[in-house]
Amino acid sequence: MNQIEEIAQLKATIAKYEEIISETSVPIITSIIDNTILLPVVGYTDKERMERIRAKVLEYAGDHRNTEAAVFDFSSIRLAEEEGLEMLTHELQLMRSELRLMGIRPIMVGFTPPFVRQMVSTGVASEVESYANFKSALQALMDEKGLSFSRE
């Protein structure tokens, strides 16, 4: 194999792995509550990944028109140093607006104290529905729908 073929093969391999990473970096989980999806945002998060998350959620919403709520969990993210909290605040504003236009209720959970301070200082906090964790958000949705778990 010559050098040009080897480089082409390596580029194809890289493209394949980039596609796999892109697919798995935005898991969309159907919830126990009808028409509700869960989106755990875990690990390193930068502007590109947030844009990918927004695009995938909008695509999902377009394909699943019965989706009423999307619960995002940010408790395990790490932010890019150069963009950080300001970028995430901006991206969440965009995501919230896009989802609302699609008729989907965006719910955010798992914010850290530094991120909460950033959101409050930019005035975004009043626009965001948030809970401490997935469990609290799902319990609120269940209460609204008159649903409950029963132990037998």
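So, T89: this residue is buried, with a relative accessible area of 3%. Buried here means under 20% relative accessible area, with exposed over 50% and partly exposed in between, using a 1.4 Å probe and protein chains only. Quick note: this is a predicted model, where local features need pLDDT of at least 70, side-chain atom pairs count only at pLDDT 80 or more, and totals for chains, interfaces and linings use all residues. Residues are numbered from 1 along each chain as its sequence is written, and side-chain values use heavy atoms, leaving out hydrogens and water.

Where does T89 sit? In helix α3, residues 84-101. Helices (H or I, at least four residues) and strands (E, at least two) are DSSP runs, numbered from the N terminus. And what does T89 touch? Leaving aside residues up to four places away in sequence, T89 touches F115, Q118, M119, T122 and V124; contact means heavy atoms within 4.5 Å. Also, a polar atom of the T89 side chain lies 2.9 Å from the backbone oxygen of L85.

Okay, on to the sheet. Five strands make an open sheet, ordered β1-β2-β3-β4-β5, with mixed pairing. β1 (29-30) and β5 (129-131) are at the edges with a single partner strand each, so one side of each has no neighbour in the sheet. Two strands pair if DSSP finds at least two bridges between them. β1 pairs with β2 (residues 36-45) in the antiparallel sense over two bridges, and T30 has I37 in β2 as its bridge partner.

Terms used: A polar contact is a pair of N or O atoms within 3.5 Å; within protein, one must be able to donate a hydrogen and the other to accept it, and residues adjacent in sequence count only if both atoms are side-chain atoms.
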